[in-house]
Amino acid sequence: MTAAVPKVAVWKFASCDGCQLSLLDCEDELLAVAGAVELAHFLEASSATVAGPYDLSIVEGSVSTASDIERIAHIREESNVLISIGACATAGGIQALRNFADVGEYVSVVYARPDYIETLSTSTPISDHVAVDYELRGCPVNKSQLLHVISSFLLGRRPRLPSSSVCVECKARGTTCVMVAHGTACLGPVTHAGCGAICPAFDRGCYGCYGPADTVSTTAFVQLLRSLPVSDRAIERVFRTFNANAPGFRDIPGSEHAAVGSPRATS
Amino acid sequence: MSNRPLVMAAHDLGALFGVLADDGYEVLGPTVHDGAIVIEAITQPSQLPRGWGDAQEPGSYRLVERGDGAYFGFAAPAGTWKRHLFEPRAVLWRSRRDGDGVVFEPGEHVRRRRAFLGIRGCDLAAIAVQDRVFCGSPAKSGSGSPRRSADPVYGAKREGILFIGINCSDPASTCFCTSMGTGPAIGERADLSLTELDPALPDQHRFLVHATTDRGRAIAARMNLAVATDRDLASATAVRDGAIASMGRSMDTEDLPARLREAAEDPRWDDVARRCLSCGNCTMACPTCFCADVSDQPDVAAGVDERVREWASCFQLDHSYLHGGSVRVSTKARYRQWMTHKLSTWWDQFGVSGCVGCGRCITFCPVGIDITEEVRAIRASKSVPLEEGTAETGEKGHSR
């Protein structure tokens, strides 16, 4: 860190604010973190802001407008370390469903004055536009993982969080497999760990909130879902949620609606 | 006291729990939870899976009502004993700031007097395998000196466990302990070994009890058990023979380590890679898999840093991460690593097979990949030997 007291900024792009809320939800731990840093820009907590540069920028939300592209480029310039948090910032979010459709048609149906709306035809992750030092998955992010990531960067370390499937967390938790023992469709085998396998512990299949695991094998998994059986239409719908645009989820084998206009630029 | 087997009425199981409680044992045993038989702390016979059996198939596990009063009428439980010895998460040590210095403290490793009730031959064998990994038993027979890397975290959990085993009566379709030489009979591998007899006949429902250690004999002595009759012994033999006859699967282990070594480039690995999800369920369900990730978990607020060991899987990409990247990038490479370690290189490393034939990897693979079938397929195919110089990692550039 460049300063004795690190300057931390929290930024919002297209999102529901839920991940920033996870930071506020940290409560006691947040007070301790706030004591160790200068929260220079965190509009959800305070309207008082301090100009950059910043030691650490935490970015929530996806890029969905032309001005977003300019703003994230500026934030990157002003930030020593930039981490993106949540499904919107790391995959494009639920709003990336537009990537599979005609955004002009959406706008004409949803808004009374479509001409007021200025938007890109796609919703894309922060890393499609600027270099990101670390991506924290989840919809919303897990607050203890968020604290781990912030603490690690404040200490000058790389965060160490598991990249396994949810199945590993499920077994560690001692939950019996809902797919094998109950026949419940579950995205756990293809989903990135991080939530602690909450849904299977409550006898529900995983919804894929943390996006694809790093080893995702969608083709084999789709065959498994079909055998349960789950219809192709339903299979498409389970993948088309918060991480619809994530590689591994967006090109579902057999899907009629492939993603459009979603270049995964490596910047 | 003679070592003649004894016999205990089924309704005296409660008295056994009483003796164990009087001696301060925490009893872990099978119980039904969330539609499956798992291993948890239990305090009375009513918590056992009485009347429940299981139907296990590749990728499927279902509880089945047996229609009798059997307490142990099921195959390998869905849950493992492993989690009670090699815990999913353990704090190895903590460091904290103390003035200008740093203080290191060991993690808490609570030692409890524990009894493992109802453990089967396959799972006793699995614990013996993990003992070699964690407790520093001789790596190979005849090598003599124990390794000095005994793991205190595992050791604290492992120490002093009283084993009350059950000779398995109802193997699943996924079981192959007879092939691996680990069951169904447990012989003298437990302090007390039980065989459940005539569970369908309430007035004759009983257990043959064989005490094979001083601790086991001391407990049996306090139960005032009758000496087994020839009829009891014959019934127990019939239970064992019935279990052997109903073993659902088999694996030909003849020369298997060498056979797999030669099959590194077998096309079957591509075939299984197309089916494998790389989710890691097989490694988590396996009672011998011991891989873990060790990381530092900082808490800036408290000024404390924890070094934590958590279950990990060779099916994770980051598990083989060395500087510059992961060594095993493809599903093919990861599955091959897991299976050849289990059945081949485990022998080189620990002097035993890493597979005990419990069948959990078959049942709990969401897509039902069957290790016995994969072995059969590789044995049947014409293998292509590994090229010279690549044997060290079993890895080749083009197959990553």
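Residues are numbered from 1 along each chain as its sequence is written, while chains are lettered from A and ligands numbered from 1 in the order in which they are written. Because the model is predicted, local features need pLDDT of at least 70 and side-chain atom pairs count only at pLDDT 80 or more, whereas totals for chains, interfaces and linings use all residues.

**View 1. Overall form of chain A.** Chain A has 11 helices and 5 strands; helices (H or I, at least four residues) and strands (E, at least two) are DSSP runs, numbered from the N terminus. Its radius of gyration, taken over C-alpha atoms, is 19 Å, close to the 18 Å that the globule rule gives for 267 residues, so chain A is as compact as a globular protein of that length. The rule is 2.2 Å times the number of residues to the power 0.38. Along its principal axes the C-alpha trace of chain A spans about 60 × 50 × 30 Å. Of the 267 residues, 51% count as buried, that is, 20 or more other C-beta atoms, placed from the backbone, lie within 10 Å of the residue's own.

View 2. Two strands pair if DSSP finds at least two bridges between them. Trp11(A) has Val59(A) in β3(A) as its bridge partner.

**View 3. The two domains of chain A.** The assignment, automatic or from a database, gives domain 1 (7-154) and domain 2 (166-239). Their centres, taken over C-alpha atoms, are separated by 27 Å. In this chain, 8 residues of domain 1 are in contact with 6 residues of domain 2, contact meaning C-beta atoms, placed from the backbone, within 7 Å. Helix α4(A), residues 86-91, gives the largest share of the domain 1 side, 3 residues.

**View 4. The two domains of chain B.** Domain 1 (6-245) and domain 2 (256-388) make up the assignment of chain B, with 26 Å between their centres over C-alpha atoms. The contact takes 38 residues from domain 1 and 32 residues from domain 2. On the domain 1 side, β6(B) supplies the largest share, 9 residues. That side divides into 21 nonpolar, 9 polar and 8 charged residues; Ala, Val, Leu, Ile, Met, Phe, Trp, Tyr, Cys and Pro count as nonpolar, Asp, Glu, Lys and Arg as charged, and the others, Gly among them, as polar.

**View 5. Chain B against chain A.** Here 42 residues of chain B are in contact with 34 residues of chain A. Elements of chain B that each supply at least two residues include β3 (36-42), α8 (268-275) and β14 (304-311). The largest share of the chain B side, 6 residues, comes from β13(B). By class, the chain B side has 19 nonpolar, 13 polar and 10 charged residues. The model scores ipTM 0.90 and pTM 0.91.

View 6. The mean pLDDT (the predictor's confidence in each residue, from 0 to 100) of chain B is 91, and 92% of its residues reach 70 or more. Over residues 138-147 of chain B pLDDT stays under 50, and the model has 12 contacts beyond four places in sequence for them.

Note on methods:
Contact = placed C-beta atoms within 7 Å. Buried ≥ 20, exposed ≤ 12 C-beta atoms within 10 Å, placed from the backbone.
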